[in-house]
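Please consider the sequence and model shown below. The numbered points that follow concern the sheet and the packing of its helices.

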Amino acid sequence: MTTERAEVKRQFGHRARLALTPAQARLMDGQAHAARTMWNCLHDWWTMLPKGKRSLAAADAAIRQARQEIDWLGVLPAQAGQAVLKTYVQAWRNCWEGRADAPNFKARLRTVMSVDIPQGRDLNIARVHRRWGMVNIPKVGRVRFRWTKDLPVGKLANRENRITGARLVKDGLGWHIAFRVQTLESKPEPHTGPEIGIDAGVNLPLALSDGNHQGHGRPARLPDGTADRDKWLNPDEKAKLLRLEQRAAHRKSFRKPKERSSNRLNRTYDQSKQLRAKATRRAVDWQHQTTTNLARTYGTVVVEQLNITNMVKSAKGTIEEPGTNVAQKSGLNRSISQEAWGRTVTMLTYKTGRCGGTLHKVPAPGTSLRCSACGLTTAGSREDQATFVCKNPDCGWFGNADWNAARNILHLYRIGLVAIPAAGRAVVRRARRAKPATAR
Ligand SMILES: [Zn+2]
């Protein structure tokens, strides 16, 4: 017997900010626009072609021909062009398997600008300073990036620990590089910490069943009761955003129909995009710190299974049957979207897995209306958004409504009502027709 612990392969992304010169940033923008146009041409070609003639090989040949004949497509590195095709085919696969809508054309202003670097060996990463690294970007050159994590590069790289590729993504604050990292780590010991139920509340960002609620000190609602859209911005930044929005609306009022936006208008849009990107970054930072602490403290984490897209969509209703109270509901939904519950769950899933814990999901209905002390649902117990008072004369439990829901969630897990098998530790995807080992 060996005393060595089992090792597990881990794949994760690491995002770093690039320090591009204005000329390099323009080159990157050009590549991203070329990648987007290639997607659009590919989509046009694919949907025009009879079904029998659509194939990967034919698409590949068409891309090669297009790159030779259209010179501005040539600014996109060949590998990145191949990656566009791969992503496009995957988008159809996601559609056929029911995970997403059919792929569509990508609009110039509504698309996240990105370029793929599918092969890690092209990157040639080196650390040049305590805080800076250097990376090769095809057709742009050597670029500095912020070094905030020790990456397996140079002498540290081997077959198991290496960078397998990267993706360049632009947000309001500029270009970033997201490395695809692969490492081999020793398997964590099973986490023996306590069980916890977590509810994504409207008043408490994360309500915990043991009362140790996680907040970020920024009220979710404004004094008049509406959801605070920009709670991650300081008062000064909020005022600036408002000013920018007013300025944009004013400039837009001079634009005639079908006319292009002026450079001044676009610059104002960019400035407000910058502020929003800053807010998102603060929210994500808080989520990372909070979920890391939770995964370290608790062995079993139980959350509600929510379908956020449906909740946000359902408030609006359809054209034939518009929803009622859309404004109030969408205010509530917006604050749910903003707390980005889906992202919190994703983070908790992989973080609990890394700490040896597990994450469980329980069916959502009724958790916010049922009393967590006596288990009865009584009319009028939800006195307002924040307080829950049980109307059962024998019980009378009262407390924060989100806390009540978190206690219910943990209770559902304890009585065995788990919606999806443990996603944290071992999610084994079986091939569709393969029989499980025990069935033989
Ligand atoms: Zn009760």
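**Notes on the sheet and the helices**

1. Strand S1 (residues 7-19) and strand S5 (residues 141-146) run antiparallel and are joined by 2 bridges; strands are DSSP runs of E with at least two residues, helices are runs of H or I with at least four, and both are numbered from the N terminus. Leu 18 has Phe 145 in S5 as its bridge partner.

2. This is a predicted model, in which local features need pLDDT of at least 70 and side-chain atom pairs count only at pLDDT 80 or more, while totals for chains, interfaces and linings use all residues. Residues are numbered from 1 along each chain as its sequence is written.

3. The open sheet consists of 7 strands with antiparallel pairing, in the order S2-S6-S7-S1-S5-S4-S3; two strands pair if DSSP finds at least two bridges between them. Strand S2 (114-117) and strand S3 (126-127) each have a single partner strand, so one side of each lacks a neighbour in the sheet.

4. Helix H1 (residues 22-48) packs against helix H2 (residues 56-69) at an angle of about 130°, with the axes 11 Å apart. H1 is therefore oblique to H2 (angles under 35 degrees count as roughly parallel, over 145 as roughly antiparallel, 65 to 115 as roughly perpendicular and the rest as oblique). Axes are lines fitted to C-alpha atoms, for helices over the stretch in contact, and angles run from 0 to 180 degrees between N-to-C directions.

5. Met 38, Cys 41, Leu 42, Trp 45 and Trp 46 of H1 meet Ala 59, Ala 62, Ile 63 and Ala 66 of H2; contact requires C-beta atoms, placed from the backbone, within 7 Å.

Conventions:
Contact = placed C-beta atoms within 7 Å.
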